[in-house]
Amino acid sequence: MNIGIIGSGGMGSCLASKFIKLGHTVSIANSRGPASLKQFTEDIGAEAATVEEATKNKKLIIVTIPQKNVQDLPKNLFKHLSEEVVVIDTGNYYPSLRDGAIPALDQSGIDSLWVQEQLGIPVVKVFNSILAESLKDMGRPKGEKKRIALAVSGDGTKAKEVVFKLVEELGFDPFDVGNIAQSWKQQPGSSIYCRDINLEELKKRIDTMGTEWSDMRDVIIAKRKADEALMKADYPAYLKVLQGKN
């Protein structure tokens with residue numbers, strides 16, 4: 001598959017390397033331009049690209065940039081895409097830690113629903129609820145008890161089918177959370193966010209959350225704020241919280 005990746009941070013670089021190893025063709029772009037990616041792409045066998053090039057003639061495009069930078073992407077970047085192209089959003093909103101307050105996003109409270117509105121194209125949310133280190137090292141064969149499950153949200157059934165296959169190729173179990181309006185269940189502050197849990201446990205926790213964002217909004221936002229404060233003060237301590245899987 002011909003894949004374009006916008007963003008070369010930990011998650012973008014990890015996905016690029018993994019997809020190349022699986023036999024896919026990858027173009028990767030960032031805000032600093034192709035020259036800044038020359039060594040990395042030569043090392044893994046990918047192509048350094050501009051943001052515009054990373055969206056042309058692709059079957060799959062992954063947007064993996066800080067939430068605050070979504071608004072800075074070129075206008076109409078995705079206007080030329082056919083309906084068959086799948087667009088993934090891996091982002092998470094961290095207003096206190098990284099992104100600053102985004103009033104429209106604060107109002108809706110659902111990260112990828114806001115991203116979808118900004119990009120003007122349907123997105124599938126995945127790879128946001130796993131650390132890049134776990135994605136790199138913890139893929140397992142199908143059927144293994146400790147195989148990690150990844151939440152997937154989106155409005156398009158066919159797009160999610162493409163994503164499910166990729167998740168399985170990477171060594172993880174995909175789980176359909178629902179449409180993009182339900183993606184709050186996998187964003188920061190939720191009980192499945194970066195917990196490295198198996199499919200059975202992930203299903204159990206999602207069921208416990210119910211279906212109404214309004215019922216869980218205050219709980220999830222409060223937990224996200226507490227996590228942001230801990231990450232800022234003591235990131236190793238935050239990682240220990242995640243490893244506790246509670």
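Searching the whole structure turns up 2 cavities of 30 Å³ or more. Keep in mind that this is a predicted model.

Let's take the largest cavity. It holds about 60 Å³ of space. What lines it? The lining is Ser129, Ile148, Ala149, Leu150, Ala151, Ile192, Arg195, Asp196, Ile197 and Leu202. Strand E7, residues 149-154, supplies the largest share of that lining, with 3 residues. By class, the lining of the largest cavity has 7 nonpolar residues, 1 polar and 2 charged.

Now the second largest cavity. Its volume is about 30 Å³. Around this second cavity sit Gly109, Asp111, Gln187, Pro188, Ile220, Ile221 and Arg224. Here the largest share of the lining comes from helix H9, residues 213-233, again with a count of 3 residues. The classes in the lining of the second largest cavity are 3 nonpolar, 2 polar and 2 charged.

Stay with H9 for a moment. Which helix am I pairing with H9? Helix H10, residues 235-243, packs with H9 at an angle of about 135 degrees. The axes of the two helices are 5 Å apart. That angle makes H9 and H10 oblique to each other. Who meets whom? On the H9 side we have Asp227, Leu230, Met231 and Ala233. On the H10 side they meet Tyr235, Ala237, Tyr238 and Val241. The residues of this contact between H9 and H10 are 7 nonpolar and 1 charged, with no polar ones.

Next, aromatic rings. The count comes to 2 aromatic pairs. One of them is Trp184 with Trp213: ring centres 5.5 Å apart, planes at 40 degrees, so this pair is tilted. Where do the two Trp residues sit in the chain? Trp184 is in the loop between strand E8 (173-178) and helix H8 (199-209). Trp213 is in helix H9.

How big is the largest pocket in volume? About 900 Å³. Its lining has 41 residues, and those nearest the centre of the pocket are Gly9, Thr64, Ile65, Pro66 and Arg98. H1 gives the most, with 3 residues. By class, the lining of the largest pocket counts 21 nonpolar, 15 polar and 5 charged residues.

Then the second largest pocket, with a volume of about 610 Å³. This pocket is lined by 32 residues. Which of them are closest to its centre? Glu83, Val85, Val87, Ile121 and Pro122. The elements giving two or more residues to this lining are strand E5 (86-89), helix H5 (111-119) and helix H7 (157-169). H7 gives the most, with 4 residues. The lining of the second largest pocket divides into 17 nonpolar, 8 polar and 7 charged residues.

To wrap up, three places to look at on the screen. For the largest cavity, go to strand E7. For the second largest cavity, go to helix H9, and follow that helix to its contact with H10. For the largest pocket, begin with H1.

Terms used: Residues are numbered from 1 along each chain as its sequence is written. This is a predicted model: local features need pLDDT of at least 70, side-chain atom pairs count only at pLDDT 80 or more; totals for chains, interfaces and linings use all residues. Side-chain values use heavy atoms; hydrogens and water are left out. On a 1 Å grid over the protein atoms alone, a cavity is a set of points where a 1.4 Å probe fits but cannot get out, and a pocket is an open set with protein on both sides within 12 Å along at least five of seven lines; lining residues have an atom within 4 Å of a point. Grid points are joined across faces, edges and corners, and a volume is the space filled by probe spheres set on the points. Ala, Val, Leu, Ile, Met, Phe, Trp, Tyr, Cys and Pro count as nonpolar, Asp, Glu, Lys and Arg as charged, and the others, Gly among them, as polar. Axes are lines fitted to C-alpha atoms, for helices over the stretch in contact, and angles run from 0 to 180 degrees between N-to-C directions. Angles under 35 degrees count as roughly parallel, over 145 as roughly antiparallel, 65 to 115 as roughly perpendicular and the rest as oblique. Contact means heavy atoms within 4.5 Å. Rings of Phe, Tyr and Trp (its six-membered ring) pair if their centres lie within 6.5 Å; planes under 30 degrees apart count as stacked, over 60 as edge-to-face and the rest as tilted.
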